[in-house]
Amino acid sequence: MEFNEKLQELRKSRGLTQEELAEALFVSRTAVSKWESGRGYPSIDSLKEISNYFSVSIDDLLSSDKLISIAQKENRSNIRSLCDLWFGAIDLFSVILIFLPLYPNTVDGYIYSVDFISYTQTSRFNLIVCWILYSLLILMGIVKMLFVRTDAKKGSKVIMEVSLVLNIILVVYLGLMRESYAVILAFLLLAAKTILLIKRIKNEK
């Protein structure tokens with residue numbers, strides 16, 4: 001007997017509706033419906049809840065091979081979410097390129113390090129381009145965090161790729177502006193995001 005059939009049998013033996021079982025397990029009715037129709041399996045935590053609620057062992061519900069498969073899938077999902085979380089955090093961390101004193105301003109023959117808001121010794125065009133790139137990176141970070149929070153998978157990888165492209169453009173542009181401190185920091189952020197993206201891609205294989 002398959003898991004979905006076992007779950008239906010256990011639920012009906014208690015005289016429960018799918019909605020009542022969902023409330024007892026702290027999941028949605030849609031989740032219970034999905035499990036009972038054979039279109040998916042519960043997480044390890046949900047399996048434990050089902051096992052405790054019906055006083056049966058997890059081995060009685062699932063074969064060891066299927067249990068291992070679920071655990072591996074859940075592990076991959078956790079790694080993906082963690083990578084996405086850190087990726088978004090790094091993009092939000094781009095705000096330090098605005099507030100750290102990384103840019104040289106010359107006053108009365110002396111060179112002072114100032115933040116980007118106070119930076120004036122470059123063209124207006126350069127300032128506008130940098131503001132756009134900084135703002136877009138921070139926006140990418142906010143969007144990525146929202147994706148992680150809502151567990152949305154569609155478009156998540158696209159957001160990461162767009163963020164990487166923006167970061168590459170920023171590194172190149174700061175290099176052309178000869179902003180050595182800012183370009184080093186932007187490059188480190190790019191390197192960290194590249195490592196996370198590679199790890200995420202490997203995890204999906």
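The model is predicted: local features need pLDDT of at least 70 and side-chain atom pairs count only at pLDDT 80 or more, while totals for chains, interfaces and linings use all residues. Residues are numbered from 1 along each chain as its sequence is written, and side-chain values use heavy atoms, with hydrogens and water left out.

**Helix H6 and its surroundings**

Helix H6 (residues 64–93) has 30 residues and spans 43 Å from its first C-alpha to its last, close to the 44 Å expected at 1.5 Å a residue. The expected span is 1.5 Å times one less than the number of residues. Helices are DSSP runs of H or I with at least four residues, strands are runs of E with at least two, and both are numbered from the N terminus.

Among the buried residues of H6 are Ile70, Arg80, Cys83, Asp84 and Phe87. Buried means under 20% relative accessible area, exposed means over 50%, and partly exposed lies in between (1.4 Å probe, protein chains only). The cover over the buried residues of H6 includes helix H4 (44–54), helix H8 (124–150), helix H9 (156–176) and helix H10 (180–204). The C-alpha atoms of Arg80 and Glu204 are 8.1 Å apart, although 124 residues separate them along the chain.

The axes of H6 and H9 come within 11 Å and cross at roughly 35 degrees. Axes here are lines fitted to C-alpha atoms, for helices over the stretch in contact, with angles from 0 to 180 degrees between N-to-C directions. The crossing of H6 and H9 is left-handed, meaning that the near helix is turned anticlockwise from the far one by less than a right angle. Asp84, Phe87 and Asp91 of H6 meet Ser156, Met160, Ser163 and Leu164 of H9, where contact means heavy atoms within 4.5 Å. By class, this contact of H6 with H9 has 3 nonpolar, 2 polar and 2 charged residues. Ala, Val, Leu, Ile, Met, Phe, Trp, Tyr, Cys and Pro count as nonpolar, Asp, Glu, Lys and Arg as charged, and the others, Gly among them, as polar.

Lys144, in helix H8, touches residues of both these helices: its contacts include Asp84, Gly88, Ser156 and Met160, not counting residues up to four places away in sequence.

In helix H3 (residues 29–36) the buried residues are Ala31, Val32, Trp35 and Glu36. They lie on the same side of H3, because they cover an arc of only 130 degrees around the axis; the arc is taken from the directions from the helix axis to the C-beta atoms. H1, helix H2 (18–25) and H4 are among the elements covering the buried residues of H3. Arg11 sits in helix H1 (residues 3–13) and touches Glu36, one of its contacts along with Leu16, Thr17, Gln18, Leu21 and Phe54, not counting residues up to four places away in sequence. Just after H3, Gly38 takes a positive phi of about 80 degrees.

**Accessibility and loop residues**

Phe26, in the loop between H2 and H3, has a positive phi near 60 degrees in a residue other than glycine. Asp108, in the loop between strand S1 (103–107) and strand S2 (110–114), also is not a glycine and has a positive phi of about 55 degrees.

| Residue | State | Relative accessible area |
|---|---|---|
| Arg11 | buried | 10% |
| Arg80 | buried | 17% |
| Lys144 | buried | 1% |
| Phe26 | exposed | 71% |
| Asp108 | exposed | 73% |
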